[in-house]
Amino acid sequence: MIRRLLPLILLAGAALPAGAFQAEVLDHLVLDEVPVDGQGLAEISGLSFDAASGRLYGVSDRAILFTFDLTMDNDRLALTPVSATPLTGRDGAELDPKVFNPEGMTALGPQEAGQLAIISEEGAQVARFDLEGQWLDAVAMPASLGAAVQARGGKRGPESLARHPEGWLVTAPEDPMLADTGLRHDLITSNGLALSYGLPPDRPTRIKAMTVLPDGRLLILERFEDKPAKALRPDLRVIDPRTCRDGTCADSSTAPIEVPGITDADYEGLTQ
């Protein structure tokens, strides 16, 4: 398995008739674990792109906020580390990753420009930060988020966070749940909307990241374990909340992510 590297992939996906979905890797980078402002470039868990500045933000599970200059030329990526800043808490002290363990991140809306929402796997808590990594405020999430994590054993909290164009946040426990109707993933939103989708019984996946397209469709990065090959494989799922009925999203579909030369990797972080 590839560890302590940041593979960045650019995906082009299209929803097709009859539930089909395709994803094509246009380019990818593997960054060396170089020091940035004294912090090792490693363990990136969440990503968010700011189109206005052309900067990509990445948060590590060591509670470090990394900033990159990102450019694209004919679908080719160029990425330059700019800074690394420890996240600070309410009191201005550096956050302890054992207390606030960042996993997912998303930029907030126009009224909160220059702010990032970051979710901690520990405690399933969400907070707002500025672009310098300073804590601004806690973000209220429904109690159902913590309850869903505990129902799955409480060992792994959420690793994903995205903002819908309508203003609400969406996340999910990493692990699926075995219910009366079969294996399923549950999505939980800041406005109390509950969505779920089923999984094949022989293909349990973990949710590693999310992002939302401008039209409101959700892209979900999932990981499954290919046991015969002893490898971790990534899938990309598309869900349109407008097609979900009574909280069930029956029309979701997935596409494999095939990165040239990389057949076993635990990808984390997804941004549009």
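**A guided look inside**

Guide: Happy to! The largest cavity holds about 40 Å³ of space. Keep in mind that this is a predicted model.

Visitor: What makes that space a cavity?

Guide: A cavity is a set of points where a 1.4 Å probe fits but cannot get out, so a space that passes this test is called a cavity. The count of cavities of 30 Å³ or more comes to one.

Visitor: Which residues are closest to the centre of the largest cavity?

Guide: Its lining has 14 residues, and Gly46, Gly104, Met105, Ala209 and Leu270 are the closest to its centre. The elements S5, S9 and S18 each give two or more residues to the lining.

Visitor: Why is strand S9 called mostly covered?

Guide: Strand S9 spans residues 102–107, and five of its six residues are buried. A residue is called buried because its relative accessible area is under 20%.

Visitor: How do you know that S9 and strand S10 are a pair?

Guide: Two strands pair if there are at least two bridges between them. S9 and S10 (residues 115–120) have five bridges, in the antiparallel sense, so they meet the rule. In one of these, Met105 has Ile118 of S10 as its bridge partner.

Visitor: Why are S5 and S8 said to stand at the edges?

Guide: Four strands form an open sheet in the order S5-S6-S7-S8, with antiparallel pairing. Strand S5 (44–50) and strand S8 (76–86) have a single partner strand each, so one side of each has no neighbour in the sheet. From one strand to the next, the twist averages 25°.

Visitor: What makes S7 and S8 partners?

Guide: They pair over 10 bridges in the antiparallel sense, and the rule asks for at least two, so they qualify. Strand S7 covers residues 64–73. Asp69 stands opposite Thr80 in S8.

Visitor: What makes a group of residues a nonpolar core?

Guide: Its members are buried residues of kinds such as Val, Leu and Ile, joined through side-chain atoms within 4.5 Å. The largest nonpolar core here has 17 residues, and those touching the most other members are Val170, Leu187, Tyr197, Ile207, Met210, Ile220 and Ile239. Strands S16, S17, S18 and S19 give two or more residues to this core, and S18 gives the most, with three.

Visitor: Which residues is Ile239 in contact with, leaving aside its neighbours within four places in sequence?

Guide: Its contacts are Leu187, Tyr197, Arg217, Leu218, Ile220, Cys244, Cys249 and Ser252.

Terms used: Residues numbered from 1 in each chain as written. Predicted model: local features only at pLDDT ≥ 70, side-chain atom pairs only at ≥ 80, totals over all residues. Heavy atoms only, no water. Buried < 20%, exposed > 50% of the residue type's maximum accessible area, 1.4 Å probe, protein only. Contact = heavy atoms within 4.5 Å. Axes fitted to C-alpha atoms, helices over the stretch in contact; angles between N-to-C directions. 1 Å grid on protein atoms, 1.4 Å probe; cavity = no way out; pocket = protein on both sides within 12 Å on 5 of 7 lines; lining within 4 Å. Points joined across faces, edges and corners; volume = space filled by probe spheres on them.
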